[in-house]
Amino acid sequence: MSNFSLEEINRYAESSPERFIASCEERYLGSLEKITEDICLKKGRTLIMLAGPSSSGKTTTAKILRQDIMKRGRHATVISLDDYYLDQEKSYYFEDGTVDYETVKALDLDLITGSLRQLIETGSAEVPQFSFITKRRDGFRNLEVSADEIIIVEGLHAINPLITEPLSGESLKKIYVSVSSRMYDDGNLLLNKRDMRFIRRMVRDYHFRNSSVEYTFYLWNGVRMGEDRYLFPYSADADIRIDSTHAYEPCLFKNIAMELLDHLPHDSVYYPTARALSEKLSAFSSISQQAVPENSLLREFIG
């Protein structure tokens, strides 16, 4: 974990934004290269269980790990645990009647372990496909892997013991990715880890999931409870930890996020929180979205 100061961030953002961005990208990508180097040392089929909280960058991290593995001459495939959700009528519900997608029990646990064991042992398995439009399973696809395949399984619950313990006899490595750094102003905490993940999610949900800022705030409490109950207690069990923080991201998200936060209705229950977060972001210098590399993890949130 690293801690970044507002003074340093703004100095780099104003004096040499391109160099600042490049150093942050190199820090993250370099950590993944070292991980893939170690992973590829072991021969045979390998399971990589990649977990992390909301908006930690799991999808992009899994994609880059796969690319790095392929560059080293190994086959690799990515499986998302989202495809193992139970049909909505079989799901768990909160007291207000909304579906609890955060609980590990929302997943078809037997199917997960069965599929992964088949892939490791036989090289072939039927993998489900879930539709978030119909909220139901949308059939299966046959997945075949090579004798030397590295199978990357990504999802919130990928390192939960209910999933990993039945696979403990397999060749398995657990990776935890998250925003693991904080931003300080003159020694005082300015943005914590959850602040930065919320900003990422708010921007992404607005642009790509047709979600209002108020709705993202509404969901966030459930997201936090799910992380506290089903993810954080097992994060220490990970073999590898990845910090997906990019020190320049408050500068990148500043204008986009402040505009979204400022449009929240004054009578919203979330208005005071939104105003406080907007004020924190106002302290950062701005960096243009055009300066962000196309392969950056942050593109997962800004497009």
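Patches here are built from residues with over 30% relative accessible area and no salt bridge, joining like charges within 9 Å and nonpolar side chains (Val, Leu, Ile, Met, Phe, Trp, Tyr) within 5 Å. The model is predicted, so local features need pLDDT of at least 70 and side-chain atom pairs count only at pLDDT 80 or more, while totals for chains, interfaces and linings use all residues. Residues are numbered from 1 along each chain as its sequence is written, and side-chain values use heavy atoms, with hydrogens and water left out.

**View A. A patch of negative charge on the surface.** E7, E8, D185 and D186 gather here. Asp and Glu count as negative, Lys and Arg as positive, and His and the chain ends are not counted; a charge is placed at NZ of Lys, CZ of Arg, CG of Asp or CD of Glu. Accessible areas come from Shrake-Rupley with a 1.4 Å probe, and for residues only the protein chains shown count as cover. D185 sits in strand 8 (residues 182-185); helices (H or I, at least four residues) and strands (E, at least two) are DSSP runs, numbered from the N terminus. D185 is partly exposed at 35% relative accessible area, where buried means under 20%, exposed over 50%, and partly exposed in between.

**View B. R45, a buried charge with no salt bridge.** R45 is in the loop between helix 2 (17-39) and strand 2 (46-51). What is the nearest side chain of opposite charge to R45? That would be E149, 6.7 Å away, whereas a salt bridge needs a side-chain nitrogen of Lys or Arg within 4 Å of a carboxyl oxygen of Asp or Glu. The R45 side chain does reach the backbone oxygen of S146, at 2.9 Å. That is a polar contact: a pair of N or O atoms within 3.5 Å where, within protein, one must be able to donate a hydrogen and the other to accept it, and residues adjacent in sequence count only if both atoms are side-chain atoms.

View C. Side chains of opposite charge can pair when their charged atoms come close. R27 meets D243 at 3.4 Å, N to O. This pair links distant parts of the chain, with R27 in helix 2 and D243 in strand 10 (residues 240-243), 216 residues apart. R27 is partly exposed at 35%, while D243 is buried at 15%. D38 and K34 also form a salt bridge, at 3.0 Å, N to O; they are four residues apart in helix 2, so about one helical turn separates them.

View D. E249 lies in helix 8 (residues 249-262) and R200 in helix 6 (residues 193-208), so the bridge ties together parts 49 residues apart in sequence. Relative accessibility is 1% for E249 and 0% for R200. Salt bridges with shared partners also join R194, R197, E227 and D228 into one network.

View E. Most residues other than glycine have a negative phi. S55 has a phi of about 65° and sits in the loop between strand 2 and helix 3, buried at 4% relative accessibility. K135 has a phi of about 60° and is found in the loop between strand 4 (124-131) and strand 5 (136-144), partly exposed at 25%.

Conventions: Buried < 20%, exposed > 50% of the residue type's maximum accessible area, 1.4 Å probe, protein only.
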